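Look at the sequence and the structure below before reading on. The paragraphs that follow lead through them step by step.

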Amino acid sequence: MPVLDFLNHLLNFVAPAVFLALVLALGACVLWRKRAHLLPWYLMAAVNLLLGVLVLALGVVLTGHDGRMGTYAVLVLAMGSCQWLLLRGWKA
């Protein structure tokens with residue numbers, strides 16, 4: 001596989017995790033401006049991105065295919081829970 005094709009596949013593989021990480025981190029900063037956050041927005045996005053890529057990779061290993069709806073459901077639940085922890089959601 002040529003390098004550009006490999007990069008295209010890799011970027012498309014991690015695109016859902018990147019999008020969701022940015023939406024969660026920036027949304028937290030916009031919606032909860034007055035709340036003290038554990039981390040700045042870019043570190044929240046980085047933590048969520050790493051978790052998201054891990055979930056997507058685990059989904060490929062366990063199911064043998066990319067793009068399963070179950071994997072995307074686990075991705076949303078895992079990243080949402082991580083963001084809740086980063087925002088100290090239990091103190092709300």
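**Helices, cores and surface**

Helix H2 is followed by Gly64, whose phi is positive, near 85°. Helices (H or I, at least four residues) and strands (E, at least two) are DSSP runs, numbered from the N terminus. This is a predicted model, in which local features need pLDDT of at least 70 and side-chain atom pairs count only at pLDDT 80 or more, while totals for chains, interfaces and linings use all residues. Residues are numbered from 1 along each chain as its sequence is written, and side-chain values use heavy atoms, with hydrogens and water left out.

The chain has three helices and zero strands, and its elements run α-α-α from the N terminus on. Along its principal axes, the C-alpha trace spans about 50 × 25 × 15 Å. Of the contacts in the chain with a separation of 6 or more, 68% are between residues 24 or more positions apart; contact means heavy atoms within 4.5 Å.

H2 has 23 residues and reaches 32 Å from its first C-alpha to its last. That is close to the 33 Å expected at 1.5 Å a residue, where the expected span is 1.5 Å times one less than the number of residues. Which residues of H2 are buried? They are Met44, Ala45, Asn48, Gly52, Val55, Leu56 and Gly59. Buried means under 20% relative accessible area, exposed over 50%, and partly exposed in between (1.4 Å probe, protein chains only). What covers these buried residues of H2 includes H1 and H3. In the chain as a whole, 24% of the 92 residues count as buried.

In soluble globular proteins, nonpolar side chains tend to be buried together. A nonpolar core is a set of buried Ala, Val, Leu, Ile, Met, Phe, Trp, Tyr and Cys residues joined through side-chain atoms within 4.5 Å. The largest such core here has nine residues: Phe13, Val14, Ala17, Leu20, Ala21, Val55, Leu56, Leu75 and Met79. Helix H1 (3–31), helix H2 (41–63) and helix H3 (69–86) each give two or more residues to this core. H1 gives the most, with five residues. A second, separate core has seven residues, including Ala25, Ala28, Met44 and Leu86.

Asn48, in helix H2, is a buried residue with a relative accessible area of 0%. What does Asn48 touch, leaving aside its neighbours within four places in sequence? Its contacts are Ala21, Leu24, Met79, Cys82, Gln83 and Leu86. Asn48 and Met79 are 31 residues apart in sequence but 5.7 Å apart in space, C-alpha to C-alpha. Gln83 lies in helix H3 and counts as buried, at 4% relative accessibility.

The chain exposes about 6300 Å², of which carbon and sulfur atoms supply 75%. Accessible areas come from the Shrake-Rupley method with a 1.4 Å probe, and for residues only the protein chains shown count as cover. Met1, Val3, Leu4, Phe6, Leu7 and Leu10 make a nonpolar surface patch of about 670 Å². A salt bridge is a side-chain nitrogen of Lys or Arg within 4 Å of a carboxyl oxygen of Asp or Glu. Leu4 lies in helix H1 and is exposed, with a relative accessible area of 69%.

Note on methods: Patch = residues over 30% accessible without salt bridge, like charges linked within 9 Å, V, L, I, M, F, W, Y side chains within 5 Å.
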